[in-house]
Amino acid sequence: MKERKNLVIGVSGASGAPLAAALLQTLRDCPSWCTHLVITRGGELTIEAETGMTAAQVKELADRVYDPSELGAPIASGSFRTAGMVVVPCSMKTVAGIANGYSENLLLRAADVDLKERRKLVLVARETPLSAIHLRNMLTVTEAGAVVLPPVLTYYHNPQGLDGMTLQIVGKILDQFGIDAPFYSRWGVRTDRSGTF
């Protein structure tokens, strides 16, 4: 049996928690992937405010769950192989911590590991409007190798409400790791869960 690929998912306290829940739900249907989840306290509060789920219910969607204080977790070491990491949503505080190598918790340490090991790090940065400080920090992490992927809405696929917009962004995140989602619409090819139409 082929070894499963490890993907680290961090959830910070920015608005956008439904994106994290939808990403985890989608990855549950990908048997070749193993998800490693760490949620900050702010992330837990946002999950409960925005998703209609408890933080515990979201954690149940992951294969492995770590406490933010668990700095001895496997994902804190570069010797633990992963395909990369997604921080979704990614607060500006988290972007600042990553940009400055301030690894005060497991989420920040895991992101720091991804950068030093030259692995894919996707930051679904959530804030608007953006200050000069935010922009500088996002430039810094980009220059260090991260992908800043703000959850910008698209309309060309004629989304069906918030769920359609959420899934389109989740598809864009997964695309960064070469994972095809049946609901992700590429320009010129409209799809739904059952395929092309």
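Predicted model: local features only at pLDDT ≥ 70, side-chain atom pairs only at ≥ 80, totals over all residues.
Residues are numbered from 1 along each chain as its sequence is written, and side-chain values use heavy atoms, with hydrogens and water left out.

Let me start with Ile 9, which, leaving aside residues up to four places away in sequence, touches Leu 23, Leu 24, Leu 27, Thr 35, His 36, Leu 37, Val 38, Val 86 and Val 88. Ile 9 is also among the residues that touch the most other members of the largest nonpolar core, which has 35 residues, and the others named with it are Leu 23, Leu 27, Val 86, Val 88 and Ile 173. By a nonpolar core I mean a set of buried Ala, Val, Leu, Ile, Met, Phe, Trp, Tyr and Cys residues joined through side-chain atoms within 4.5 Å, where buried is under 20% relative accessible area, exposed is over 50% and partly exposed is in between, with a 1.4 Å probe and protein chains only.

Which elements give two or more residues to this core? They are β1 (5-11), α1 (17-27), β2 (33-39), β4 (84-90), β5 (120-125) and α7, and α1 gives the most, with eight residues. These labels follow DSSP runs, numbered from the N terminus, with helices (H or I) of at least four residues and strands (E) of at least two. Apart from this core lies another, of 25 residues, including Cys 90, Ala 110, Leu 115 and Leu 123.

Turning to helix α5 (residues 106-116), we find that eight of its 11 residues are buried, among them Leu 106, Ala 110 and Asp 114. The buried residues of α5 pack against β1, β2, β3 (64-66), β4, α4 (92-99) and β5.

Finally, there is one aromatic pair, counted when ring centres of Phe, Tyr or Trp (its six-membered ring) lie within 6.5 Å, with planes under 30 degrees apart called stacked, over 60 edge-to-face and the rest tilted. The rings of Tyr 156 and Trp 187 have centres 5.1 Å apart and planes at 75°, so this pair is edge-to-face. Tyr 156 sits in the loop between β6 (147-148) and α7 (161-175), and Trp 187 in the loop between α7 and β7 (191-192), 31 residues apart. Tyr 156 is partly exposed, at a relative accessible area of 28%, whereas Trp 187 is exposed, at 69%.

Methods:
Contact = heavy atoms within 4.5 Å.
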